[in-house]
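The sequence and the coordinates are shown first, and the description follows.

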Amino acid sequence: MKVLVLGGDGFCGWPTSLHLSAKGHDVKIVDNFARRNADVELEVSSLTPISPMGSRLAAWNVLTGREIGFERFDVAENYHRLLTLIKEWQPDAVVHFAEQRAAPYSMKSSWHKRYTVSNNLNATNNLLAALVEAECDAHVVHLGTMGVYGYGTAGVKIPEGYLRIQVPTDDGTVVESEILYPPNPGSIYHLTKTQDQLFFAYYNKNDGVRVTDLHQGIVWGTQTTETRLDERLINRFDYDGDYGTVLNRFLMQAAVKYPLTVHGSGGQTRAFIHIQDTVRCIELAIENPPAAGERVQVFNQMTETHRLIDLAQIVSRLTGAEIDHIENPRNEADSNDLFVENRQLIELGLEPILLEDTLMEEVTEIAGKYADRVDLSKIEARSLWRKKS
């Protein structure tokens with residue numbers, strides 16, 4: 001298939017592009033290097049050395065004989081370039097990663113909030129509008145987030161997208177229906193992903209656009225089968241307080257003998273998935289599109305849930321790192337339960353990589369190897385969700 005990957009230079013987009021290319025798909029990347037520019041803004045770099053895009057693509061071609069196309073433009077601003085590309089290339093599937101992906105970054109200031117809203121919502125609407133205008137029946141595969149649901153589930157297992165409800169009427173009868181599971185976003189970033197759901201529902205209903213929305217948990221790990229082939233292909237390892245995901249931050253902190261920074265009690269429960277499983281889930285979604293006329297397909301893209309303090313204790317036990325409880329910068333409950341349905345991807349063939357299987361490998365291979373590149377001043381999370389007391 002011809003697969004257009006929007007945001008294909010990023011943490012999830014790059015390994016996905018390589019994985020799909022390795023599986024025989026004709027892949028083209030669109031990216032505006034917003035994530036690389038954020039490194040300049042934040043004055044921090046990936047723990048792993050990231051090669052220029054030209055070097056990445058050339059290395060992939062030399063190693064595999066396969067070519068990945070690339071166009072540099074901003075999907076949120078350059079609508080006509082996107083429209084022209086879709087008209088001329090006629091992709092079979094579009095993988096949509098072209099959104100600002102970090103909740104802490106979205107909460108840094110009013111500028112960051114406005115940028116995240118403008119970029120994310122315009123990118124999604126531009127893609128859907130362009131598909132309709134181009135009369136292109138490409139299947140949209142979107143990387144969403146479990147965070148659209150919030151984390152106060154009160155023991156209810158979060159379904160995959162839709163909640164069956166019963167509504168009593170005035171005459172005593174009961175009407176049964178299914179609605180999108182009620183959202184409860186905890187940041188501006190999560191709010192934009194909530195709005196994405198409404199865009200998809202509308203364009204699906206009104207224009208028949210076929211969509212799979214993948215509500216993903218927190219990604220851990222860095223390498224996939226393809227990014228391991230050569231250092232020029234290596235994936236990002238973000239450890240800073242804005243873009244670093246919690247488990248990767250713990251692993252890096254242990255490698256440089258920095259106390260593990262646990263926000264509050266650490267009783268917050270989150271869903272997790274390894275980066276290798278992320279790219280596999282994208283592949284499964286592409287291979288199993290919704291039929292024409294079918295509603296938006298929603299998969300919960302996660303493989304396990306853990307309390308943050310439990311993760312910290314595992315890493316501490318394996319590495320000897322100390323645990324430091326710090327004030328939580330987020331406006332959230334001190335602890336929560338989280339029960340998530342993820343049956344559909346498992347039934348499609350996903351064989352999950354679990355934390356207990358490869359945790360030490362992540363510590364030694366990446367965090368340890370590149371520990372000399374860390375800037376300790378960037379570890380602390382400085383974006384505040386709550387008002388200062």
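Strand S2 (residues 26–31) is mostly covered, with five of its six residues buried. Buried denotes a relative accessible area under 20%, exposed one over 50%, and partly exposed a value in between (1.4 Å probe, protein chains only). Helices (H or I, at least four residues) and strands (E, at least two) are DSSP runs, numbered from the N terminus. The model is a predicted one, in which local features need pLDDT of at least 70 and side-chain atom pairs count only at pLDDT 80 or more, while totals for chains, interfaces and linings use all residues. Residues are numbered from 1 along each chain as its sequence is written, and side-chain values use heavy atoms, with hydrogens and water left out.

S2 runs parallel to strand S1 (residues 2–6), to which five bridges join it; two strands are taken to pair if DSSP finds at least two bridges between them. Within this pairing, Val 5 stands opposite Ile 29 in S2. S2 also pairs with strand S3 (residues 69–72), again in the parallel sense, over four bridges. Here Val 30 is the residue opposite Glu 71 in S3.

## Helix H1

S1, helix H1 (residues 13–22) and S2 form a right-handed β-α-β unit. A crossover is right-handed if, with the strands pointing away from the viewer, the path from the first strand over the helix to the second runs clockwise. Nine of the ten residues of H1 are buried, so the helix is largely enclosed by the rest of the structure. Among them are Trp 14, Leu 18 and Leu 20.

The buried residues of H1 pack against S1, S2, helix H3 (53–64), strand S4 (93–96) and helix H9 (275–287), where contact means heavy atoms within 4.5 Å. Just after H1, Gly 24 adopts a positive phi of about 100 degrees.

Most residues other than glycine have a negative phi. Phe 33, in the loop between S2 and H2, has a positive phi near 65 degrees. Phe 33 is buried, at a relative accessible area of 13%. Gln 90 likewise has a positive phi, of about 50 degrees, although it is not a glycine. Gln 90 is found in the loop between helix H4 (79–89) and S4, and its 35% relative accessibility makes it partly exposed.

## Aromatic pairs and charges over rings

How many aromatic pairs does a search of the whole structure find? The search finds five. In the case of Tyr 105 and Tyr 243, the ring centres are 5.4 Å apart and the planes at 40 degrees, so the pair is tilted. Rings of Phe, Tyr and Trp (its six-membered ring) pair if their centres lie within 6.5 Å; planes under 30 degrees apart count as stacked, over 60 as edge-to-face and the rest as tilted. This pair links distant parts of the chain, 138 residues apart: Tyr 105 belongs to helix H5 (residues 103–106), and Tyr 243 to the loop between strand S10 (218–220) and helix H8 (246–255). Tyr 105 is buried at 3% relative accessibility, and Tyr 243 is buried at 6%.

The rings of Tyr 149 and Tyr 181 have centres 5.2 Å apart and planes at 85 degrees, so this pair is edge-to-face. Tyr 149 lies in the loop between strand S5 (139–145) and strand S6 (157–158) and Tyr 181 in the loop between strand S8 (174–180) and helix H7 (188–207), so the pair ties together parts 32 residues apart in sequence. Tyr 149 is buried, at 4% relative accessible area, as is Tyr 181, at 11%.

Two arginines lie over ring faces. Arg 35 is placed over the face of Tyr 243, at 3.6 Å from the ring centre, and Arg 36 over the face of Phe 33, at 5.3 Å. A charge sits over a ring if NZ of Lys or CZ of Arg is within 6 Å of the ring centre and within 35 degrees of the ring normal.

Ser 46 is in the loop between helix H2 (34–42) and H3 and is buried at 3% relative accessibility. The side chain of Ser 46 makes a polar contact with the side chain of Thr 48 (2.8 Å) and reaches the backbone nitrogen of Phe 237 at 3.0 Å. A polar contact is a pair of N or O atoms within 3.5 Å; within protein, one must be able to donate a hydrogen and the other to accept it, and residues adjacent in sequence count only if both atoms are side-chain atoms.

Thr 269 lies in strand S12 (residues 269–274) and is buried at 7% relative accessibility. A polar atom of the side chain of Thr 269 lies 2.6 Å from the backbone oxygen of Asn 336.
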